[in-house]
Amino acid sequence: MDTTQQPLEPQLPYDVFAKACPSRGTLEHVTGRWGALTLGALYEGSLRFNELRRRVDGVSEKMLSQTLQSLERDGLVHREAQPTNPPRVDYELTPLGHEVAERLLGLIHFVEGRMDDVLAARERYDVTRGAR
């Protein structure tokens, strides 16, 4: 009988690699095209819906609305409706959303800074595999 104690590995309460883990949905909301861009845009400060739509070039009204609802549900975005006529709705990051956006912006800036390498790799790939 082995009496040596094995150190216990700390167990994370969530595992994004497990199909049923709720963290997977949040990761999808955060890292999806519109989620990442929306969080990045809101990092700059509070924006109204149409301002945000102009900032996140290419997003449809429907997709932006769905994205904002998902991010609000996850506690990353705060929606503030003003009782004015016409109604004014502002969106801003929560403290948790700010933290997530900071990390995303690090990745975004890294990717932007390495795009010459990415474009060269794409060109090499296309030459060796035939352009598609």
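Guide: Threonine 94 sits in the loop between β3 (88-93) and α5 (95-113). Helices (H or I, at least four residues) and strands (E, at least two) are DSSP runs, numbered from the N terminus. The model is predicted: local features need pLDDT of at least 70, side-chain atom pairs count only at pLDDT 80 or more, and totals for chains, interfaces and linings use all residues. Residues are numbered from 1 along each chain as its sequence is written, and side-chain values use heavy atoms, without hydrogens and water.

Visitor: Why is threonine 94 called buried?

Guide: Its relative accessibility is 16%. Buried means under 20% relative accessible area, exposed over 50%, partly exposed in between (1.4 Å probe, protein chains only). So threonine 94 counts as buried.

Visitor: What does threonine 94 touch, not counting residues up to four places away in sequence?

Guide: Gly75, Leu76, Val77 and His78. Contact means heavy atoms within 4.5 Å.

Visitor: Which residues of α2 meet α4?

Guide: Trp34, Gly35, Thr38, Leu39 and Leu42 in α2. Their partners in α4 are Met63, Leu64, Thr67, Leu68 and Leu71.

Visitor: What makes α2 and α4 roughly perpendicular?

Guide: They pack at about 75 degrees, with axes 10 Å apart. Axes are lines fitted to C-alpha atoms, for helices over the stretch in contact; angles run from 0 to 180 degrees between N-to-C directions. Under 35 degrees is roughly parallel, over 145 roughly antiparallel, 65 to 115 roughly perpendicular, the rest oblique. Therefore α2 and α4 are roughly perpendicular to each other.
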